[in-house]
Amino acid sequence: MPRQCDICHEARAIVRRPKTAQSICKECFFYVFETEVHNTIVDSKLFKPGDRVGIGASGGKDSTVLAYVMKALNDRYNYGLDLYLLSVDEGIAGYRDDSLETVKRNKEQYGLPLLIVSYEQLYGWSMDSIVAAVGRKNNCTFCGVFRRQALDRGALMLDLDHIVTGHNADDVAETILMNIFRGDISRLDRCTEIATSGEGYVVRSKPFKYAYEKEIVMYAYLRRLDYFSTECTYSPNAYRGYAREFLKKLERVRPSAILDIIHSGEAMHVAKDVQLPSLDRCQRCGYISSNSVCKACVLLEGLERGIPKLGISRTKQD
């Protein structure tokens, strides 16, 4: 006999939530998923009416679900936000060009304006040309540094107040583990924050901070959303992949491990007598930096001078 939904006790259960182990029907799953995201937004006071909010859109499952849910919640609860799609074209043939076609379809499906900024446009280098110069071992360092700055530059072009990204609970837990493993105290202190901002730059937040990746996948599937599912060509050797594999093993033993790690990270605080890097402005490009020259400018200098590993030795892979 089919099991009934644990919430409405009427419809047939078709989903077992990894987060709560509840067996629920499709409509109840939509309701609890969207309500939890809404509660995260409201409890964290992420937005105010009139904010211009850019949705970091890659075409993948996380950003596609985020775009759909943000538009739905904005309409349903009258947040009063002006929403935009903001995409970064890293210049990876056969991967990013295909995923951006998905973003362009999402633009039409959700009725949201779209801006695409590219590495070629901003830095004069595509990721394909960077990988040709540096090889595959350290390419994620370049991409992570350039992407963060590209989103901020795109936000300035759109005059945004806020950027939201599709980072989910799994991503946050992985980042906590990575920062613990490499002893990165300054990043460990801020990686659990749901919203971050640098002086003079837009606020960046994670409405999916407590949403499990498995539930995002289920939501995209059940809503029949249009998203791109291929992994990045250059990501297999990324440090994050090893943290992800470790986290998945923990989750199999203890499903609550993801949220447990996040709550543990939130409870960690750096002692007041520990000196952390202070933020200033890059002397070359004006971007926020903890050094006189930002990491992006150092990496670009290495590429231009034909010594692409310049600056990598002190940079941790993402």
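**Close-up views of a predicted model**

**Figure 1. Surroundings of alanine 133.** Leaving aside residues up to four places away in sequence, alanine 133 touches Trp125, Leu303 and Pro308, a contact being heavy atoms within 4.5 Å. The model shown here is predicted: local features need pLDDT of at least 70, side-chain atom pairs count only at pLDDT 80 or more, and totals for chains, interfaces and linings use all residues. Residues are numbered from 1 along each chain as its sequence is written, and side-chain values use heavy atoms, with hydrogens and water left out. Alanine 133 lies in helix H5 (residues 127-134); helices (H or I, at least four residues) and strands (E, at least two) are DSSP runs, numbered from the N terminus. With a relative accessible area of 39%, alanine 133 is partly exposed; buried means under 20% relative accessible area, exposed over 50%, and partly exposed in between (1.4 Å probe, protein chains only). Alanine 243 is 110 residues from alanine 133 in sequence and 27 Å from it in space, C-alpha to C-alpha.

**Figure 2. Two aromatic pairs.** The structure contains 16 aromatic pairs. In the pair of tyrosine 77 and tyrosine 79, the ring centres are 6.3 Å apart and the planes stand at 20 degrees, so this pair is stacked. The rings of phenylalanine 142 and phenylalanine 146, by contrast, have centres 6.1 Å apart and planes at 70 degrees, so they form an edge-to-face pair. Rings of Phe, Tyr and Trp (its six-membered ring) pair if their centres lie within 6.5 Å; planes under 30 degrees apart count as stacked, over 60 as edge-to-face and the rest as tilted. Tyrosine 77 is partly exposed at 32% relative accessibility, whereas tyrosine 79 is buried at 11%. Both phenylalanine 142 and phenylalanine 146 are buried.

**Figure 3. Helix H6 and the residue that follows it.** Phenylalanine 142 and phenylalanine 146 are four residues apart in helix H6 (residues 139-158), a separation of about one helical turn. H6 has 20 residues and reaches 28 Å from its first C-alpha to its last, close to the expected 28 Å at 1.5 Å a residue; the expected span is 1.5 Å times one less than the number of residues. Of the 20 residues of H6, 15 are buried, so the helix is largely enclosed by the rest of the structure. Aspartate 159 follows H6 and lies in the loop between H6 and strand S6 (162-164). Although not a glycine, aspartate 159 has a positive phi of about 55 degrees. This aspartate 159 is exposed, with a relative accessible area of 54%.

**Figure 4. Lysine 45 in a loop.** Lysine 45 is placed in the loop between helix H1 (26-43) and strand S3 (52-56). Its phi is positive, about 50 degrees, although lysine 45 is not a glycine. The relative accessible area of lysine 45 is 71%, and the residue is exposed.

**Figure 5. An aromatic cluster and a charge over a ring.** Ring pairs join Phe29, Phe30, Phe33, Tyr68, Tyr110, Phe208 and Tyr219 into a cluster. The charged end of arginine 223 sits over the ring of phenylalanine 30, 3.8 Å from the ring centre. A charge sits over a ring if NZ of Lys or CZ of Arg is within 6 Å of the ring centre and within 35 degrees of the ring normal.
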